[in-house]
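Work through the exercises below with the sequence and the model open. Try each task before reading its solution.

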Amino acid sequence: MINTEESFRDSLATVDDDGNRKWVYPKKPSGKFHNYRVIVSLILLTLLFSGPFIKINGNPLLLLNVIERKFVIFGNVFYPQDFYIFMFVMAVGVIAIGIFTLVFGRLFCGWVCPQTIFMEMVFRKIEYWIEGDWNKQKALNKADMSPSKFFKKTLKHVIFFAVSFIISNTFLAYIIGIEELLEIMMAPPSEHIWGFFSILLFAFAFYIVFSRLREQICTSVCPYGRLQGVLLDQHSIVVAYDYKRGENRAKFRKNEDRAEQGKGDCVDCRQCINVCPTGIDIRNGTQLECVHCTACIDACDSIMDKLSLPGGLIRYTSEYHIKNESKLKLNKRTIGFSVLLVVLTGIILGLLLLRNKVEITVLRTPGTLSQEQPDGKISNLYNYNIVNKSNEDFSLDFKLESLTGEVQLIGDSAVTLPKGEKTAGTFFIILDKEQLKARQTPIRIGIYHQEEKVDEVNTNFLKK
């Protein structure tokens, strides 16, 4: 790396030698990558805030109701019986995160992470609008209290808390559902006093995160930032400074031949540092604090354009390509891991979307024995529990698949099961004695809806 002493790695860029925090005043970013990130952020924010209102077959797009143990993903209802899917998805997700970071670095942090999007595209934009760019913010904070400063600070923090309150309510809508949230909001706070204080507490937590903690969430709280140190290697795609081309860095002088003077393309303008939201110098190499937000790329490219020097001094690349002075290109490793990511994503989607519509559990009723019928047949009594995981209503019939016999429901001729509901009941299975060659006979029961088989279950039939 460029800094031979590597002293910058001994502490965070936002902490001084005495352990005190150094407040970061990033310059207002602009440029091609920033515009792309604004578009991505607007799409994701639109999806986030509109998500609770989107319905698929009458179910929410996403609902994580931990209290009632009901979860809805893409309109599909999941219950505790699907916990094995959740565990598998979590395991595959961890593997996918590791592979994604190994190949693409912290691309997620810079482009998709909610912390980055809210901080840089919402709260920071509000701050720029009210207090101005970085130099004006510095001057305002150093100035004595005045009516203008009091107004700006009060306005900023009131808006910050209001936005935090909206965010906390949005996340609550994903937990209890938008209908219930709207009912609570329309009712007097006194009817939901503890819920009201809880949502204020969450709003205050969001407010503290975005008004005070800021980049410290990425550098000190988020475990993903810590993981990148062991996941990245020299082939990982990262936002990096091309030290082969940039060094030796020196101030720009008009009409000079920098190559003849032994100078690199870096003119030491420090714009890459000024725009960094975590306060680092990207020229020191890949660092824990870097979230790959691309602000330094835009800042550097703007300077290169003004000086008629080629862009890309800071760019998406890898340590390997910088070292070998080659262009970033897709290699077998990148393609292979990308294909593996697609396969893992497909497995997750398959588990979520292609599961059985209903799940049934059938057990012999405890404490009961087989009974002989007047016609010489033998019956066993069973208990069943059924969960409807689909978005449609079912009228279910039970049919023996492996043996010839009769399934006799107690109470109804068919089981009516509305979407997303559960039901339980009992039934008899009646078989001829001739089919029972042993004391215990395996049987398979099919569950049908309008002649369509939706599930099957295996159990045993006992005779005396």
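This is a predicted model: local features need pLDDT of at least 70, side-chain atom pairs count only at pLDDT 80 or more; totals for chains, interfaces and linings use all residues.

**Exercise 1. How far apart are the end C-alpha atoms over residues 335–354, and what share of the chain there is helix?**

Solution. The end C-alpha atoms of residues 335–354 lie 27 Å apart. The chain there is 95% helix and 0% strand. Helices (H or I, at least four residues) and strands (E, at least two) are DSSP runs, numbered from the N terminus. Next, check the record: UniProt (unreviewed entry) places "transmembrane region" at 335–354, and also at stretches including 158–178. Such annotations may be inferred rather than shown by experiment.

Residues are numbered from 1 along each chain as its sequence is written, and side-chain values use heavy atoms, without hydrogens and water.

**Exercise 2. Which residues of α1 are buried, and which are exposed?**

Solution. Take buried as under 20% relative accessible area and exposed as over 50% (1.4 Å probe, protein chains only). Buried in α1 are F33, H34, R37, S41, L45 and L48. Down the axis of α1 they fall within an arc of 95° (directions from the axis to the C-beta atoms), so they line one face. On the other side, L42 and T46 are exposed.

**Exercise 3. Which element gives the most to the lining of the largest pocket?**

Solution. α2 does, with ten residues. Other contributors of two or more residues include α1, α4 and α6.
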